[in-house]
Amino acid sequence: MCIPARNEAALLPALLDALARQTNAPPFVLCLLLDACTDDSETVIAGYRDTVPFEIVTRSAAHAGTPNAGRARAAAMALGEKLVGEAGVLLSTDADSVPAADWVATNLAALDLSDIVAGRIVRSGGAASPVQDRIEAYYDGLARLRRLLDPVPWEGAPHHYTSAASLGCTVRTYAALGGFAAVAAGEDARLVDLAYRHGLRVRRDDRVRVETSTRRTGRALGGLADHLRDLDRTGGQAARMAHPEDVAWRYARHARARAVWGTLDTAAPSLAVVLQRPEADIRAIAAEAANAEAFAIRVVPDVPGGERLVDLDTAELALAALLSRPARMAA
């Protein structure tokens with residue numbers, strides 16, 4: 001289990017207590033990367049070492065300048081890789097988060113069916129954010145629409161979250177993807193997007209749950225705290241969503257591309273018509289793709305004319321209409 005922490009002394013006890021309450025979990029090691037901490041994080045951790053049913057391994061990193069979430073998380077994962085070896089499993093969460101009591105067990109069960117597992121993030125504590133609630137419900141609806149149009153056997157109860165607050169994979173998978181990039185924010189989305197392009201089985205599983213802080217002063221630049229603070233200030237007036245009809249256009253064509261993967265010798269011409277791209281492009285992508293999943297993700301182009309961005313009210317109404325009759329988008 002690999003977690004970066006930057007001045008989280010106040011919240012570390014809740015994390016450590018939650019990990020101590022894990023049920024049906026095999027023995028695990030907690031790897032904490034203390035990222036330029038100037039608070040009492042080390043003292044807090046020292047007080048837990050002899051009381052929790054797992055080993056705690058720490059490493060301190062001193063960095064000048066701007067915090068870098070991707071760099072810190074990659075360093076935490078490197079600790080885990082070194083300890084568990086190439087046959088091991090890496091689980092990622094955040095120092096301000098509280099995993100459910102079955103978080104380890106449900107991650108491991110999900111990894112029996114997939115290559116990478118993204119859990120549901122439940123915001124808790126702090127001030128409410130009604131606009132963020134609506135945004136998350138909208139993207140959860142898109143996740144349901146995706147699997148109505150393009151079902152895959154390894155998917156769990158779908159949700160939209162792609163967050164390192166709950167990600168799990170094997171060491172081999174993590175290494176094959178090149179690890180977390182050293183970026184200020186979004187390192188988790190980059191990793192999962194790369195997994196799709198490699199043709200890996202990405203499972204978003206509603207049963208894998210982590211509560212995370214809704215504080216408005218966070219540690220990662222451009223992270224959830226910054227986003228919530230911006231919504232508080234603007235009321236979400238500037239929020240723009242991808243139009244669900246354009247998103248559904250891609251999902252339906254992912255399904256079509258996956259379905260013809262094994263018959264491309266004869267199906268490539270008709271797929272070229274559906275995708276509105278040259279047949280030569282389709283055959284070139286197929287030659288490089290590892291499997292049907294990688295082919296489907298890579299071969300579907302942008303929506304002709306570009307993806308529309310609309311306000312939240314418009315997006316919600318359009319999505320409700322699609323979810324009531326998704327079959328019409330499969331054409």
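This note goes through the nonpolar cores, the cysteines and the aromatic pairs of the structure.

1. Basis. The model is predicted, so local features need pLDDT of at least 70 and side-chain atom pairs count only at pLDDT 80 or more, while totals for chains, interfaces and linings use all residues. Residues are numbered from 1 along each chain as its sequence is written, and side-chain values use heavy atoms, with hydrogens and water left out.

2. Main core. A nonpolar core is a set of buried Ala, Val, Leu, Ile, Met, Phe, Trp, Tyr and Cys residues joined through side-chain atoms within 4.5 Å. Buried means under 20% relative accessible area, exposed means over 50%, and partly exposed lies in between (1.4 Å probe, protein chains only). The largest core has 30 residues, and M1, I3, L19, L30, F54 and I56 touch the most other members. Among the elements that give two or more residues to this core are β1 (2-5), α1 (12-20) and β2 (29-35). Helices (H or I, at least four residues) and strands (E, at least two) are DSSP runs, numbered from the N terminus.

3. Contacts of M1. Contact means heavy atoms within 4.5 Å. Leaving aside residues up to four places away in sequence, M1 touches L19, F28, V29, L30, C31, L91, W103 and V104.

4. Second core. A separate core of 24 residues includes C2, A72, C169 and F180. In soluble globular proteins, nonpolar side chains tend to be buried together.

5. Cysteines. How many disulfides does a search of the whole structure find? The search finds 0, a disulfide being a pair of cysteine sulfur atoms within 2.5 Å. For C31, the nearest cysteine sulfur is that of C2, 4.9 Å away; C31 is buried at 2% relative accessible area. For C169, the nearest cysteine sulfur is also that of C2, at 8.9 Å, and C169 is buried at 4%.

6. Aromatic pairs. Rings of Phe, Tyr and Trp (its six-membered ring) pair if their centres lie within 6.5 Å; planes under 30 degrees apart count as stacked, over 60 as edge-to-face and the rest as tilted. The count is 4 aromatic pairs. Y138 and Y139 form an edge-to-face pair, 5.1 Å centre to centre with 70° between the planes. Y138 is buried at 2% relative accessibility, whereas Y139 is partly exposed at 27%.

7. A pair across the sequence. W261 and F295 form a tilted pair, 5.4 Å centre to centre with 40° between the planes. W261 lies in the loop between α9 (244-259) and α10 (264-275) and F295 in helix α12 (residues 292-299), so the pair ties together parts 34 residues apart in sequence. W261 is partly exposed at 26%, and F295 is buried at 0%.
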